[in-house]
Structures are given as structure tokens and as C-alpha cells.
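Q: I would like to learn how to read pockets, cores and charge pairs in a model. Can we take them one at a time?

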Amino acid sequence: MSVSLSNFWKTVEFHPGTYIAEPDYEMLKQGGVLISKLPVYNNKNTLLYQDLPCEPFMGDLQNASVYIVTLNPGSGEDEHTNWKNPDLLRLWKQNLLQQDTKYPFYYLNPILADTGGGKWWLATSKLANIIGYFTEVFGNRDKALEFVAKNICDIELCPYHSESWSDKHNNVVNKIPSVQATIDFLKDHVIPGVINGTKTLIVLRRVSEINKLLSGVTFDYNGKKIKFDDLDRLFPDRVVFYRTRGLATGAHLNPEAPQAVGGKLLLNRLKELI
């Protein structure tokens with residue numbers, strides 16, 4: 001039986017002086033994907049930062065209704081400054097331990113609105129219009145933020161920050177224990193929920209890239225083994241994959257944007273929960 005994703009991160013120790021899970025460290029080091037001199041910014045850096053807190057997920061792992069999947073958390077010149085924020089560090093730790101909180105999706109907590117993650121998720125192309133819709137419904141922005149934060153969960157296939165991603169990662173990252181724990185969580189919790197209609201899945205990153213990490217993931221459906229890549233075709237009312245480069249790059253969750261099928265699905269699913 002696989003170790004649950006929440007238990008993995010509740011009990012893991014970090015390699016000394018880093019935010020790399022000890023079970024992952026040697027494989028990543030030997031694979032040559034960890035950055036050695038910190039920080040380095042050039043907008044094309046594909047190495048994984050070991051001094052930035054890992055973010056394997058954000059939200060209520062067990063009880064969310066909508067799961068958003070992408071490759072790994074990004075980075076930029078302001079990221080190390082962002083993580084000097086004591087509120088961010090505190091809320092990040094609470095999330096890693098899955099402690100009860102008003103805003104499980106912690107970047108929707110108003111006190112983090114000015115952080116890099118807060119700005120990214122509250123951009124017009126992400127959750128701004130979703131929040132705006134429910135602000136009108138509830139007549140209160142804080143209630144809207146709380147509602148959305150309790151019902152969506154972000155899953156990062158690789159928990160470590162980088163500015164970009166390359167094929168080099170796929171041969172190393174897909175073998176590390178933390179990624180395997182994430183894949184098991186998708187197989188054991190999210191995909192069964194999609195099949196029985198209780199969960200919605202939105203894969204923001206281009207699915208051809210995601211599938212390089214999930215190529216071996218299959219699930220049982222009507223007596224057959226089905227690949228992860230088939231989910232959106234089987235369940236178009238509850239699964240969205242971003243299959244084109246332009247759409248994936250924009251990572252649109254704005255339900256008003258052209259072709260923003262993920263945003264429309266997210267909004268409709270949240271409406272059902274009111």
C-alpha cells in the first residue's frame with residue numbers, strides 16, 4: 001500500500017541546509033538537476049532551487065472538489081524575497097501538515113495578496129474573475145476567497161521550484177519518492193473521484209509534458225486499463241487538459257477568456273457546491 005501524499009510530507013525530513021526531501025536529494029544531486037550557486041536568474045534556468053520551500057500541493061488534499069495539476073512551482077527574481085515573508089512561511093507549513101485553516105489554498109489568503117504566488121493566482125488569467133463572481137454571489141470578497149480556497153487544490157507533480165522545465169528533468173524527477181507519492185495520490189484519490197463524479201480535474205500544463213511524468217499511470221474503467229491521457233475524452237464534463245502550447249502557456253482559468261475551457265469548468269463546478 002502506498003504512503004499517502006499528506007503522510008509523506010508530514011513525516012519527511014529535509015536534507016540539511018535545503019528544502020529538498022531527504023529521500024529525493026541524492027537522486028536529484030546525481031541527476032545534475034539541483035542548482036549549486038544561489039540564487040541564479042536568467043529566465044531560462046531549468047535547475048531546481050534547493051533553498052526555496054518546496055510546494056508539492058496547495059489546498060485541502062482530501063476534501064477539495066477541483067484539482068489543478070501542473071509540473072512544478074515556478075521562480076523568478078523576487079521569489080527568494082517572497083519567502084522571507086513570515087506569514088507565507090507559516091501558512092506554507094500549515095498546508096504541508098494539512099492543518100485546518102480558513103484558506104487551505106493559501107495564496108488566496110488576503111495577507112498573501114502581495115506575494116508572488118498571491119499575484120500569480122489572483123491575476124485575470126487565473127482566479128480573479130472566479131473570485132469576482134463569488135464576491136457578487138456572497139456579497140463579500142473574503143467569503144468568496146474562503147469558499148474558493150476550500151474547494152480547489154493545486155497539485156505540483158514536482159514540488160521544487162525552477163524558472164523553466166526541460167526534458168532532462170523527466171528522466172530524473174519521475175523516479176524520486178516525492179513524485180511517486182504524488183502520482184499515487186492521483187491514482188488512488190483524484191482519478192477515482194473523477195470516475196465517480198465527485199472530483200473535477202484541470203491539467204494546466206500542456207498535457208504532452210505532463211504525460212512524460214504520468215506515462216505509466218493507468219486506471220480501471222469498465223473492466224479496461226485506461227491511460228491518464230484518456231481522461232478528458234472519457235469525462236469531458238469533469239476533466240480538462242490543455243493540449244495546445246499557447247493555451248497551456250497562458251494557463252487560463254478565466255471563464256470569460258476565449259477557449260478558457262478550464263475556467264468555465266472550474267466556475268461551473270464551484271457553482272454546484274453553493
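Q: How much space lies in the second largest pocket?
A: Start with the general idea. Rolling a probe the size of a water molecule over the atoms shows where empty space is left. Keep in mind that this model is predicted. Here the second largest pocket holds about 210 Å³ of space.

Q: Which residues line the second largest pocket?
A: The lining consists of Ser6, Gly59, Asp60, Gln62, Gln94, Asn95, Gln98, Gln99, Asp100, Thr101, Pro104 and Lys150. By class, that lining splits into 8 polar, 3 charged and 1 nonpolar.

Q: Take one lining residue. Where is Asp60 found?
A: Asp60 sits in the loop between β1 (57–58) and β2 (66–70).

Q: Which residues does Asp60 touch, leaving out those up to four places away in sequence?
A: Asp60 touches Tyr67, Gln98, Pro104, Lys150 and Cys153. Among these, Gln98, Pro104 and Lys150 also line the second largest pocket.

Q: How far apart in space are Asp60 and Thr46?
A: Their C-alpha atoms are 29 Å apart. In sequence, Asp60 and Thr46 are separated by 14 residues.

Q: Which residues line the largest cavity?
A: Leu91, Gln94, Asn95, Thr101, Tyr103, Pro104 and Tyr106 line the largest cavity. They divide into 4 nonpolar and 3 polar, with no charged residue.

Q: Next, the core. How many residues does the largest nonpolar core have?
A: The largest nonpolar core has 85 residues. Those with the most contacts inside it are Trp9, Leu28, Leu127, Tyr160, Leu201, Phe228 and Leu231. The largest share, 8 residues, comes from helix α9 (residues 177–196).

Q: Which residues does Leu28 touch, again leaving out those up to four places away in sequence?
A: Leu28 touches Ile20, Val33, Leu34, Leu48, Tyr160, Val172, Val173 and Ile176. Of these partners, Tyr160 is itself listed with the most contacts inside the core.

Q: Last topic, charge pairs. How many salt bridges does the structure hold?
A: Side chains of opposite charge can pair when their charged atoms come close. This structure holds 7 salt bridges.

Q: What separates Arg90 and Asp87 along helix α4?
A: They are separated by about one helical turn, because they lie 3 residues apart in helix α4 (residues 86–96). Arg90 forms a salt bridge with Asp87, and the closest N and O atoms are 3.2 Å apart. Arg90 is partly exposed, at 39% relative accessibility. Asp87 is partly exposed as well, at 28%.

Q: Is Lys225 buried or exposed?
A: Lys225 is exposed, and so is Asp220. The two form a salt bridge, with 3.2 Å between the closest N and O atoms.

Q: Which residue forms a salt bridge with Arg238?
A: The partner is Asp237, with the closest N and O atoms 3.3 Å apart. Arg238 is buried, with a relative accessible area of 18%. Asp237 is exposed, with a relative accessible area of 51%.

Methods. Residues numbered from 1 in each chain as written. Predicted model: local features only at pLDDT ≥ 70, side-chain atom pairs only at ≥ 80, totals over all residues. Heavy atoms only, no water. Core = buried A, V, L, I, M, F, W, Y, C linked by side-chain atoms within 4.5 Å. Buried < 20%, exposed > 50% of the residue type's maximum accessible area, 1.4 Å probe, protein only. Helix = DSSP H or I, 4+ residues; strand = E, 2+ residues; numbered from the N terminus. Contact = heavy atoms within 4.5 Å. 1 Å grid on protein atoms, 1.4 Å probe; cavity = no way out; pocket = protein on both sides within 12 Å on 5 of 7 lines; lining within 4 Å. Points joined across faces, edges and corners; volume = space filled by probe spheres on them. Nonpolar A, V, L, I, M, F, W, Y, C, P; charged D, E, K, R; others polar. Salt bridge = Lys/Arg side-chain N within 4 Å of Asp/Glu carboxyl O.
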